[in-house]
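Here's a quick briefing on ring contacts, written for someone who likes to look at the geometry directly. Have the viewer open as you read.

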Amino acid sequence: MRFHKNTLYSLLISSNLLFLTLSNGLFKRPILTLYLLIFLLLSLRPSVIKQIVSLCRQCYPLMIVFVWCAVTAQWSPWPKVTYYELFWQLILFVYVTLFVIHFGVIHTRRVVYYTFCIWLFLTCLLVFKNDLLAGRVLEISGAFANKNNLGPIISVFLFFYLYSVQRWNLWRVGMLLVTFLLLLATLSKTSIVLFVLVTFLAQVIFYWDKLLVSRFRRLYYGSGRMVAFGVSIACVLMLLLYYRDMVDWLLMHVRDEWLTGRGKLWLVMLNQSYEKLFFGVGYSAVWGLGDNNLIQDTELAKYAPEWVEKLAASDGGYIDMLISIGAIGTALFIYTICDFFMTFYRSLQTQKNVAITKLCFCVGTFVVLNNVTETKFLLGSGFSWFCFLFCYVLLKYITGKENILKNKVSS
């Protein structure tokens, strides 16, 4: 029975990844609810509930962010929308914890490898049908609306593929080259640059870790944790104290044409909410289809109403975050990102689960940087936000297990 359950978990995890990566909007809330119910029916027992509670406690910075999102409903123009969207974020987080718990049980490398093979085959078919047959060889988008949706997914799945392969042969190298060519064919500059940058950073960090002599490891990592905590607190305080200066700098230096028109959106929305930036205008009160959208009160809605109605975000994740949950909420989320990297640091120190640790660093770092030009965090259940939650919770999960084992050995 255990074998059958693990096989079913593998199928659920594999299909979940495919829903997230083949096209926009496949992993909708009814699908999320269905997956959550299946996982709960298969695995709901006291030990799993205890693990979920433990992971929630370990992810306390993100829990504080969620609490602040709920607080912003007090002054949100649409408090019901704020509570409703926050409810689904909590559902997603609980689902990700279950996903992570069972991800640690299955044969992860094999599942990821075969999922990647299926994804690559289907993506090539979609690119052939939607791009090549239409005479478009470059700026491919597959089943997505544009290249900037496909580029990040290819980049992240490349990290998953590199994690899944233990022994290389000609066939696997060929798959790697095909996937990288697909990434280049998107002409998504942000995705290509970030993939190369994050890969380089990972190589430097893990190579340096191997060079550390054992007697210096404790000093290096012990002092490093203190420095990292100090830097995290400094980042939070700097944002709270100088957020107005940062916004003023953006308003003075950002141009309308920056990043294919994103600059115009950023300037309009920052000016619209300038006096409310400390507390924010309310979680999920900035963007939304229909009338529940602050941009409807701006000049853009007058001059380009058809364009405005289709907007779901300004494609500036941290700017959207600052507007919706304010400098306080953004500072709390910045601390959550810092906590992600500090958890990676602790996982790296143990020299166990090295492959998983490297995967989490690469994927997590990529989506954190990509969120500068794409609004993904705290929004829906899209691929990038799901990946950040997955990497954050997975690092907490493996470091938590190591601490439990260490305590058992010492006792």
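**Rings and charges**

K358 sits over the face of F206, 5.5 Å from the ring centre. Keep in mind that this is a predicted model.

**A tilted pair: F27 and Y95**

- F27 pairs up with Y95 at 6.1 Å centre to centre, and with 40 degrees between the planes the pair is tilted.
- F27 comes from the loop between α1 (2–21) and α2 (29–43), while Y95 belongs to helix α5 (residues 79–103), so this pair ties together parts that are 68 residues apart in sequence.
- As for solvent, F27 and Y95 are both buried.

**A stacked pair: Y113 and Y161**

- Y113 and Y161 have ring centres 6.2 Å apart; their planes are at 20 degrees, so this pair counts as stacked, the cut-off for that being under 30 degrees.
- Helix α6 (residues 108–132) carries Y113 and helix α7 (residues 147–164) carries Y161, so the pair ties together parts that are 48 residues apart in sequence.
- Y113 has 10% relative accessibility, so it counts as buried, given that the cut-off is under 20%.
- Y161 is buried too, at a relative accessible area of 0%.

**A charge over the Y113 ring**

- What lies over the face of Y113? That would be R172, at 4.8 Å from the ring centre.
- Y113 therefore has two contacts to look at here: the stacked pair with Y161 and R172 over its face.

How values were computed. Residues numbered from 1 in each chain as written. Predicted model: local features only at pLDDT ≥ 70, side-chain atom pairs only at ≥ 80, totals over all residues. Heavy atoms only, no water. Phe/Tyr/Trp six-rings, centres within 6.5 Å; stacked < 30°, edge-to-face > 60°. Helix = DSSP H or I, 4+ residues; strand = E, 2+ residues; numbered from the N terminus. Buried < 20%, exposed > 50% of the residue type's maximum accessible area, 1.4 Å probe, protein only. Lys NZ or Arg CZ within 6 Å of the ring centre and 35° of its normal.
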